[in-house]
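Below are my notes on the model, as numbered points. Please read them alongside the coordinates.

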Amino acid sequence: MSLLQIDKLVAGYGAVDILNGIDLAVEPGKISVIVGPNGAGKSTALKAIFGLAQIREGRVLFQGDDITRQPADRLVARGIAYVPQERNVFRSLSVRENLEMGAFLKPGDIARRIEAVMGLFPPLREKLKQAAGELSGGQRQMVAMGRALMLEPKLLMLDEPTAGLSPLYMDQIFDRVIAINQSGVGVLLVEQNAKQALAIGHVGYVLATGRNRFTDSAANLLVNREVAESFLGG
Amino acid sequence: MIALSDFINLYLLPGLVVGCIYALGAIGISLLFGILRFAHFAHGDMMTLGAYLAIIFTANFDWSPYAALPITVIGTALVALLLDRAFYKPFRRSAGIVTVIASFGVMLMLRSAIQLIWGVDVKTYDIGIRFPMEFGMLKIAPRQVTIVLVTAALVIALHLFLSRTRLGKAMRAVSDDPDLARVSGINVEQVVRWTWIIGAGLAAAGGVFIGIQTKVHPNMGWDLLLPLFAAAVLGGIGRPYGAVAGGLAIGLCQELATYPWFSEEPFIAPGYKPAVAFSVMVIMLIWRPTGLFRGRAF
């Protein structure tokens, strides 16, 4: 059984449809990568699951249960964590408070989980008392991912975690995604940096204009000439 | 010129007391705007309601208004929760202006209900006359001390709540970014309920203080609305500590503006006090719309 399965999802904002019936899946303990040009609907897929875009048709299954249109706190309680691309930290709250907010649904034993996040993102240790809005982009991304990990999710959904980051931070973030995945967490990764993302992924989905264009193992997509020419920049 | 003692006893101390009362009202306006993104026009009438609920206990059971304060605060908070459920929650996903208009309606209903139940006449708590305590040239009424101390205690309690408790931090998180709060698993409706409890509770305390300080009448909330919003805007909307500073500043400005600074006559006639609050608000909106504490622009 897939960890996450999306069937024929039609979703959008207001009267506009962005996704015109896409299929996706994340297998337990694996990384699925969504790539594609701007406006393909990559981010919308994640937003629709969390109710930030409206689902018109299709369904979303998590461990076999239908979770279509469920409220966000129910999804989080089931073990789905989501890191939006922008505005993904509470800017006026300290780093520690951001992490505590990630654990809102399970307040006990927070210290141990903060310690686990520190192990994953050591640069945050000395920033715990600083307001998250004062951090650099890369560190903010670490806070956002740390916040999402506080409930020890089964599935982590990341929306372009390396957007706007320097190459150094970009490598760090990809490296951390691998580490998180190796601890057993399934990952659904939306990325602009398609080559690097496919290099760490197991399954790849190429979306274009709200539809599935290519679906294959990430390794195969990387060597697929058609995919390379159209979507990976040659 | 008047003596320094008169300046302190007749202008500075009353300004401080009025400022405390404004602060208690403005905190709720600021918190509610931060969480629910709308200007709550019925907030002055929350204060009126608090002032009248206390009358139930002072008039019928001969309680002192201070003794009635806790139960008044709880009662007003409960009414606020009911009003939210009935008139604001259905508009949670509508444009902000819809809820603003709804709060206008709630304001009129509250005032009419108060007039219906308690009548339209001015009322007092019948605390009797207490002579002020004299400390050298200072003459301080006991009620002034109580009002300032209780306000300070409430503000400290609010600070501890916002900075130390899980729910208080969640309140700041929702104020920061409601969507992110939701996807983090924060129960936003629970946060909204506590915002009402705190905002209305503090407003009720402020209302009772007005009754202790002067008198109670059905239109008092309406008269308070302008200084309350001026205080919230001055402090930076969505910033509860800013609202405290803004409330104190507006209260002091209003009282000190009537001091005979340049002649034997009051600098500004007392009847124009509301204009002082209005002027401060307008200047602030032009000069620095995010307020002293860098809140949100209206």
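1. In this predicted model, strand S9 (residues 203–208) of chain A has 5 of its 6 residues buried, so it is largely enclosed by the rest of the structure. Buried means 20 or more other C-beta atoms within 10 Å of the residue's own, exposed means 12 or fewer, and partly exposed lies in between, with C-beta atoms placed from the backbone. Strands (E, at least two residues) and helices (H or I, at least four) are DSSP runs numbered from the N terminus.

2. S9(A) runs parallel to strand S3 (residues 31–35) of chain A, with 4 bridges joining them; A:Ile34 is opposite A:Tyr205 of S9(A). Strands count as paired when DSSP finds at least two bridges between them.

3. Strand S10 (residues 211–217) of chain A is antiparallel to S9(A) and is joined to it by 6 bridges. A:Val206 has A:Phe214 in S10(A) as its bridge partner. S9(A) and S10(A) make a hairpin with 2 residues between them, and A:Thr209 in the turn has a positive phi of about 40°.

4. On conventions: residues are numbered from 1 along each chain as its sequence is written, while chains are lettered from A and ligands numbered from 1 in the order in which they are written. Local features need pLDDT of at least 70 and side-chain atom pairs count only at pLDDT 80 or more, whereas totals for chains, interfaces and linings use all residues.

5. Between the chains, 23 residues of chain A are in contact with 15 residues of chain B (contact: C-beta atoms, placed from the backbone, within 7 Å). Helix H2 (72–78) and helix H3 (95–102) of chain A each supply at least two residues of the side that touches chain B.

6. Chain B has 11 helices and 2 strands. Its radius of gyration is 19 Å, close to the 19 Å that the globule rule gives for 298 residues, so chain B is as compact as a globular protein of that length. The radius is taken over C-alpha atoms, and the rule is 2.2 Å times the number of residues to the power 0.38. Of the 298 residues of chain B, 48% are buried.

7. Helix H5 (residues 142–164) of chain B has 23 residues and spans 32 Å from first to last C-alpha, close to the expected 33 Å (1.5 Å times one less than the number of residues). Its buried residues are B:Gln144, B:Ile147, B:Thr151, B:Leu154 and B:Val155. Their cover includes helix H1 (4–36), strand S2 (138–140), helix H8 (188–213) and helix H10 (240–256) of chain B.

Terms used. Contact = placed C-beta atoms within 7 Å.
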